[in-house]
Every structure is written in structure tokens, then in C-alpha cells.
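Hi everyone, thanks for making the time.

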Amino acid sequence: MPSPATLSVDLSALVRNYRTLERVSGRPVHPVVKANSYGLGAEACAGRLLAEGARTFFVARAAEGLALRPVLGAEPDIYVLDGLHGATPDAFRAADLRPVINQPAQLQAWLGSGGGACGLQIDTGMNRLGFRVEDAPEPFAGLALVMSHLACGDDHAEPMNRRQRDAFAAVSARYPNALKSFANSGGSFLGPDYAFDAVRPGICLYGGGPEGRPDDRIAPVATLLAQIVQVRDVPAGETIGYSRGYTAEAPLRIATCATGYADGVLRSYGARHGKPAGQVFVAGELRPILGRVSMDVCAVDVTGLDVTVGDSIELFGPNRLIDDAAADAGTISYELITSITPRVPRRYVG
Ligand SMILES: *Cc1c(COP(=O)(O)O)cnc(C)c1O
């Protein structure tokens, strides 16, 4: 039996985005595969990118790196963005994970326990992780990569991008033997002087636009489909779903679809507080969700459409791009795809 809701992941589209990022940045792409490749499945996505030539990967947590090492084999470099957390220094070394050192105590702990290959994060203005520029340490043994992160990479007009870039150029010059990594997805499109030695994208690999809206250069990768499990007619004046979330002003036909917030279909897709309802793609058209999204089901207006039980709706995918779907739900593509729960089977195509 097919699952009522499925997340289909197009690995050839992932590869196209990988090549696009190489082309626009003019640099090697070091994929960010944290959070299970933004929900799409790190084993499949990182494994495919490895086959396409990627040799350096970034995860957020030590546990993600430990899980990825057997998938990638011994050769690729795996950096842990959290730094020296989540595992002992010996456990990092045993799995050949490279912590991205982000504060003096970590540097001491790493070197004091024997050191080894690692990264260094310099905070050039985001105030999140990393050494402040004025506290940047002297070069040390094992330092293989120096990096910083843009606060506004998704806003190409933001003047802070240039300030961060210039600060990173100045501070990173102190580490001539380390690889220099600066640009995330948005930054990869900012031009050659933002690219440094390698770019470090996440969301654009997975089909989100570099500026948080659809972009022709990025191919959709993730498609969330849900089956219609009941079709019913609703007379004018009746209400739909919890808390009478929607009132039919005219006779309607609705499709009850097998997906809800227990699948990561956010409750905020529904109409509320004057926000219009989210749209889904069904039978060749975009149609609104009616009333509240429930845990396991939601209702879609299919009035006048030829649909039947067993047909599918597309919450996002090639016909409803994730940036648009995210805007419908009042969020961003990152949150939309990382929220899809393990209940939803991932199906890999391409
Ligand atoms: C998540 C992350 C990235 C990737 O960001 P995208 O906007 O998804 O491209 C790159 N670098 C760091 C430090 C990150 O935390």
C-alpha cells in the first residue's frame, strides 16, 4: 500500500543545484547536511553528493557527524558547526570529525587533549558563534579551515554583507594555510569576492531560493504529497473542521487529505487572524486549505474539480514551490522542510 503522505526527494535535482552553486560561485561546494539534510535525509543526500565529487561536509551536531561517517567512508572531511560539544575530544578524533572551534575554552580543550584537524569560526558580526575578530587566536597546529557566517546572506542589498566580507578577508589572511569558507546559499550568489576558497550552502541544494523566494536557477527537490481520503459535499451555512474554522457561504466540495501537523504540515497553513489560507496544488489548480489543519488531516476546496479518493494533493514541489508554500504558512523554506516528521516516508527518485 502506498503511504497516505510521502516526501519525494529528487536527487538529480539536488545534483543540478550542486552544479549550479559550483558554477555561480566558481568554487568547490562543501554541502551543509545538518538536521538530516534539512529533513530530506542526510544518508541519501550526502551519499549522492559524495558520488558527485563533494569531499567536505558540514553538520551541526557531533551526533550527526558520527552517523554520517560510516555513510561517507573514511576520506571526506566532516566539520561539526556546534564546535566541541556533544562528544568528547577523543570521540571526535576517533570518528575523524573536525570540530569548528568557536571559543577560547574549546581551543584549549582541543589542543590540550591532543589536538588534530579542526576548523575555526570567526564571528564577523552575526553575534552567534565564533571568536570575535579582536580575539582571533594565533595560528595553531591542526587548523585546516577558517570560516565565518553571513547574518543577511538572503538579502543581497543589505550593506552588512560587504562589511562582514571585508572583516573576514582581513582576519582570515592571518591563517594562510587554512581553507577559507564564508558564503552560505545566499552568499554563494553575491559574486566572486564572497566565495573565498569554497562555498558552504544548505538550502539552495535542497530547492529553496537564495533570497527566500523562488529563483529560476534553483530546481525543486522536495515534493510533499498527501492522498485524498474522503471527498464530500458541504451545504451552504455549514462549517468545516475544528472550532468551525471555515463557514461554507455556498455549497462546496471538499477533499479531506491525509496530512496534518503530525507530519510537519504546520497549523499555520490554515487561514487565521486575517491571513489567507495556504494553497495546495490539486488536479492542475491551486486551491485553498479550508479551516484548521488537524493533526493528521486537512480539508481542501475541490469544488468543481474532478478528484476522487486516492488522488494526491501537492503541498509543495514543482507545482507549488517551497518558498511560496512557506510564505503561505508564515515561515521560511528551511522550517517547512525540516519540520516534516519521520512518520512521512522519504522516497528517493532521480
Ligand atoms: C546552516 C549554515 C549554513 C548553510 O546555510 P544556508 O542558508 O542553508 O545555505 C552555512 N554555514 C553555517 C555556519 C550554517 O549554520
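Okay, let's begin with H3 and H4, the latter being residues 62-72: their axes sit 10 Å apart and the helices pack at an angle of about 45°. That angle makes H3 oblique to H4, and the crossing is right-handed. Keep in mind, by the way, that this is a predicted model.

So who touches whom? From H3 we have Ala42, Glu43, Ala46, Gly47 and Leu50, and they meet Leu68, Val71 and Leu72 of H4. Sorted by type, the residues in this contact come out as 6 nonpolar, 1 polar and 1 charged.

Now turn to the other pair, H1 with H3. H1 covers residues 11-25 and H3 covers residues 42-51, and their axes come within 10 Å, crossing at roughly 50°. That makes H1 oblique to H3, and this crossing is right-handed. On the H1 side the contact uses Leu11, Ser12, Leu14, Val15 and Tyr18, while H3 brings Ala44, Cys45, Arg48 and Leu49.

Right, on to the ligand.

For the polar atoms, a side-chain atom of Ser185 is 2.6 Å from a ligand oxygen. Gly202 uses a polar backbone atom, 2.8 Å from an oxygen atom of the ligand. And with Arg200, an N or O atom in the side chain lies 2.9 Å from a nitrogen atom of the ligand.

That's my tour; happy to take questions.

Technical notes
Residues numbered from 1 in each chain as written. Predicted model: local features only at pLDDT ≥ 70, side-chain atom pairs only at ≥ 80, totals over all residues. Heavy atoms only, no water. Axes fitted to C-alpha atoms, helices over the stretch in contact; angles between N-to-C directions. Helix = DSSP H or I, 4+ residues; strand = E, 2+ residues; numbered from the N terminus. Parallel < 35°, antiparallel > 145°, perpendicular 65-115°, else oblique. Left-handed = near helix turned anticlockwise from the far one by under 90°. Contact = heavy atoms within 4.5 Å. Polar contact = N/O pair within 3.5 Å; in protein donor to acceptor, adjacent residues only side chain to side chain. Nonpolar A, V, L, I, M, F, W, Y, C, P; charged D, E, K, R; others polar.
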